[in-house]
Amino acid sequence: MKIASASTTKIQPEAIKEIYRQLMRELDTAPDLLFVYCSIGYDISCIVDIVLELTPNVAIHGSTSCAGVMTQRGVASENNEGLAMLGIADPQGGFGVGAASIGDNPLRAAETAVNQALANADCPGEVPAMVWLSSAPGCEEALLHGIANIFGDDVPVAGGSSADNALDGSWKQFDNHSVYTNGVVVTTLFPSSEVMFCFHSGYEPTDVKGLITKAGGYEATQKKGIATQTGRRTLSEIDGRPAAHTYNEWTGGIIKDQLASGGKILSQTSLNPLGRVAGHIGDIPYFQLSHPDSVTPRGELTLFSDINTGDEVVLMRGTVDSLIARAGRVATSAIDTYLSSPEEVAGALVVYCAGCMLTVHDRLEEVVDSIRAALPDTPFLGTFTYGEQGCFLNGGNRHGNLMISVLLFKKA
């Protein structure tokens with residue numbers, strides 16, 4: 001197995017052709033599988049045509065990223081434009097990409113895309129080592145259920161939701177044949193070597209005096225509440241009170257200006273998401289995060305992930321420093337779990353939340369540095385997403401917000 005990545009901030013066809021040729025030179029062959037992530041200013045059909053003209057048999061998995069991308073060479077973002085490719089040459093392995101329009105049936109779309117991917121990998125009915133997922137934001141939990149309908153819950157799934165630059169719905173998903181605005185693209189991975197993964201965040205549960213509760217099998221002094229009335233992504237009440245008012249009190253008034261008539265709160269809430277205990281490693285809980293997006297005129301919170309009545313929510317806290325360091329720590333966690341040395345890693349895919357990226361934007365090169373420190377001399381591609389999917393280390397595929405998902409390929 002050989003892996004290489006390349007990037008550009010230019011949108012002209014010649015620049016795209018040049019970085020793809022550079023990638024092939026580093027691989028010393030044509031890739032069998034190509035991941036492409038780019039900002040919304042690129043002509044997707046042109047990218048696909050260039051790639052297929054040079055390598056007609058490559059499988060393409062593509063999605064848009066918020067305001068650029070990153071690789072081991074640094075951040076690729078100029079005037080909010082950037083494109084990166086990661087190619088895998090693995091003639092002993094097998095890879096298939098499938099895609100479908102989500103429409104009004106995300107479960108069926110996921111099943112269709114998975115079955116198409118298996119057929120394109122020439123592995124119908126087989127179980128892959130991993131599934132990589134890209135989709136339009138909005139129904140990621142249902143897509144994960146659709147994938148589970150095919151494979152059960154034992155096959156790990158990772159990836160990220162497509163993004164644009166302004167939350168205006170101009171995101172894209174694509175493969176060799178089609179470009180979608182409301183689609184799902186999946187890749188079934190049957191590599192000749194192992195894959196390793198980790199899914200985590202850069203946030204911790206808060207400690208608050210005066211409120212002590214028992215939740216998830218552990219005791220802590222934390223700000224918590226029970227979600228008592230919600231829609232799929234609308235949190236109406238916490239402990240019987242309007243959710244936005246409770247959240248505002250918890251955070252010391254960071255959304256007070258939106259309480260009267262509602263409004264967007266995405267930037268104010270990036271360091272204080274709501275967490276739910278997703279499981280434990282020993283006695284230590286780990287959390288799946290939801291990012292509050294807006295306040296409704298009724299005092300509700302809208303979120304970027306599903307939440308259900310009866311869920312316990314915990315106010316989480318992050319810092320710019322923790323978000324910068326966490327990407328490298330997530331990669332290190334995957335190495336520590338599966339390998340003896342980072343030198344065994346052939347390459348990596350990194351999903352880094354766009355909300356986190358915008359919060360640390362002025363120090364984004366330090367995020368790259370943290371990944372490079374964990375994965376020295378290792379090609380990787382990082383995308384900035386509007387939702388992250390991953391598999392926690394003790395099992396369970398989840399969709400969350402403000403998360404980091406890392407997939408590592410072991411050298412053959």
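Let's start the tour at strand 21, which pairs with strand 25 (residues 312–317) in antiparallel fashion through two bridges. Keep in mind that this is a predicted model. Select Leu 274 and you will find Leu 315 of strand 25 standing opposite.

Next, highlight residues 274–281 together with residues 284–290. These are strand 21 and strand 22, an antiparallel pair joined by seven bridges. Pick His 280, and then look across to strand 22: the bridge partner there is Pro 285.

Now move to the turn. Strand 21 and strand 22 form a hairpin with two residues between the strands. Click on Gly 282 in this hairpin, where phi is positive, near 65°.

Select residues 320–338 for helix 6 and residues 364–374 for helix 8; the two pack with their axes 7 Å apart and at an angle of about 20°. Because angles under 35 degrees count as roughly parallel, helix 6 is roughly parallel to helix 8. Turn the view to see how helix 6 passes helix 8: the crossing is right-handed.

Which residues of helix 6 meet helix 8? Show side chains for Ile 324, Ala 325, Ala 327, Gly 328, Ala 331, Thr 332 and Ile 335 on helix 6.

Technical notes: Residues are numbered from 1 along each chain as its sequence is written. This is a predicted model: local features need pLDDT of at least 70, side-chain atom pairs count only at pLDDT 80 or more; totals for chains, interfaces and linings use all residues. Side-chain values use heavy atoms; hydrogens and water are left out. Two strands pair if DSSP finds at least two bridges between them. Helices (H or I, at least four residues) and strands (E, at least two) are DSSP runs, numbered from the N terminus. Axes are lines fitted to C-alpha atoms, for helices over the stretch in contact, and angles run from 0 to 180 degrees between N-to-C directions. Angles under 35 degrees count as roughly parallel, over 145 as roughly antiparallel, 65 to 115 as roughly perpendicular and the rest as oblique. A crossing is left-handed if the near helix is turned anticlockwise from the far one by less than a right angle, and right-handed if clockwise. Contact means heavy atoms within 4.5 Å.
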